[in-house]
Amino acid sequence: MENFWKTLPKPMFTLAPMEDVTDTSFRQLVMEISDPAFFHVIFTEFTSTDGLCHPVGRKNVISRLLINDSEREVLQQKGFKIVAQIWGANPEKFYEATKLICNEMQFDGIDINMGCPVKKIVKQGGCSALIGRPAIAAEIIQATKEASNLPVSVKTRTGTKKHETENWIGFLLNQNPAAIILHARTQKDMSEVPADWNEITKAVRLRNSMEVDIPLLGNGDVMSVEDGLQKCQHTGADGVMVGRGIFHNPWFFNHPQPEISTTDKLELLWHHVDLFTRTWGPERNFATLKRFFKIYTNAFKGAARLRAALMETTNATGVRAVLDDFDTWTHHE
């Protein structure tokens, strides 16, 4: 088994797994416009191990791990790595789900979500709840590694109610994952306070003092490639994971930033709508796309009016009609 985390150029840039965001269509779109020098690894939406292991539930969650043929082509052309992220609280289910992924799908790695702070997930004992359940967390990591012919990484946070970075990361390092991605916030913080990158520095220092060869990436408030490079230089992290930064700029993974025209933005919006519609048809709610419209309709004359019109659409045909009408508008707000 090759651990690609150890062979990628540093600092590594990755796109976070995000619910109803990083499906196959959005992943493809981001990869198409990204520079492979500043983008290396992409993640699926997080996927329930309980769902994957249930004969009925599997149908409801398996689409989260779909890789379109067109996305696969981009992955191969540009050399990006794609990682399936899974979550749960039962080591046996992690073993079974990992076997399924390794035997039936084509991924480069598997990531265990030990970071999501959403209350309904935490109540089930999974994700960031595992920070307070180290014995179960260790069993989950070992079960996943035993079932996998792929590198197994862990994405987590610095603690539950307060930073417990050194104790928790020290524990995780002893489980020998392929990599650790550390979100510089606690479970309690959600995303409501600034990420504390001093905690990333602490984690890196601990890793170095333990003399283990495990890549450690930081996550939280990375707003540009330049920002990511500076954070890595300052903390010693091997790379960064980008989350909400992609909502400010789909062309995030380029340095220096290219000039983006209004035409570029609207062509990308339509490309996204077209990819999404052709991929999912009625299987996914079209309204899911509306959270993306602000990404493409900003910083140009008439953007607010255009965005308002797009928010009223209910299908791709409606989006196309609004975009076609845009050139005829007076552009007065």
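How many of the nine residues of helix H1 (residues 24–32) are buried?

A: Eight of the nine residues of helix H1 are buried, so this helix is largely enclosed by the rest of the structure. Here buried means under 20% relative accessible area, exposed means over 50%, and partly exposed lies in between, with a 1.4 Å probe and protein chains only. Helices are DSSP runs of H or I with at least four residues, strands are runs of E with at least two, and both are numbered from the N terminus. The model is predicted, so local features need pLDDT of at least 70 and side-chain atom pairs count only at pLDDT 80 or more, while totals for chains, interfaces and linings use all residues. Residues are numbered from 1 along each chain as its sequence is written, and side-chain values use heavy atoms, leaving out hydrogens and water.

The buried residues of H1 are Thr 24, Ser 25, Phe 26, Arg 27, Gln 28, Leu 29, Val 30 and Met 31. One of these, Val 30, is in contact with Phe 253; contact means heavy atoms within 4.5 Å. Leaving aside neighbours within four places in sequence, Phe 253 also touches other residues, including Phe 13, Leu 15, Phe 38, Phe 39, Val 225, Val 242 and Ile 246.

A nonpolar core is a set of buried Ala, Val, Leu, Ile, Met, Phe, Trp, Tyr and Cys residues joined through side-chain atoms within 4.5 Å. The largest such core has 101 residues, and Phe 253 is among those with the most contacts inside it, together with Trp 5, Ile 101, Phe 107, Met 114 and Ile 169. Helix H12 supplies the largest share of this core, seven residues. A second, separate core of five residues includes Phe 46, Trp 87, Cys 116 and Cys 127.

Met 114 belongs to another enclosed element, strand S5. Six of the six residues of S5 (residues 109–114) are buried, so the strand is largely enclosed by the rest of the structure. Gly 109, Asp 111 and Asn 113 point one way from S5, whereas Ile 110, Ile 112 and Met 114 point the other way. Strand S4 (residues 81–87) pairs with S5 in the parallel sense over four bridges, where pairing requires that DSSP find at least two bridges between two strands. Within S5, Asp 111 is the bridge partner of Gln 85.

Glu 199 lies in helix H9 (residues 198–210) and is buried, with a relative accessible area of 4%. Beyond its neighbours within four places in sequence, Glu 199 is in contact with Thr 158, His 163, Thr 165 and Leu 182.

Side chains of opposite charge can pair when their charged atoms come close. A salt bridge is a side-chain nitrogen of Lys or Arg within 4 Å of a carboxyl oxygen of Asp or Glu, and a search of the whole structure finds 13 of them. One joins Glu 45 and Arg 284, at 2.8 Å from N to O. This pair links distant parts of the chain, 239 residues apart: Glu 45 is in the loop between strands S2 (41–43) and S3 (47–48), and Arg 284 is in the loop between helices H12 (262–280) and H13 (293–296). Glu 45 is buried at 1% relative accessible area, and Arg 284 is buried at 13%.

Other salt bridges lie within a helix. In H12, Asp 274 and Arg 278 are four residues apart, about one turn of the helix, and their closest N and O atoms are 3.0 Å apart. Asp 274 is partly exposed at 24% relative accessibility, whereas Arg 278 is exposed at 58%. Asp 324 and Arg 320 form a salt bridge of 2.9 Å, N to O; these two residues are four apart in helix H15 (residues 316–326) and are therefore separated by about one helical turn. Asp 324, at 46% relative accessibility, is partly exposed, and Arg 320 is partly exposed at 29%. Salt bridges with shared partners also join Lys 10, Arg 207 and Asp 238 into one network.

Finally, the whole chain may be considered. Its secondary structure comes to 15 helices and nine strands. Buried residues make up 57% of the 333 residues. Of the contacts between residues at least 6 apart in sequence, 72% join residues at least 24 apart. The C-alpha trace spans about 65 × 45 × 40 Å along its principal axes.
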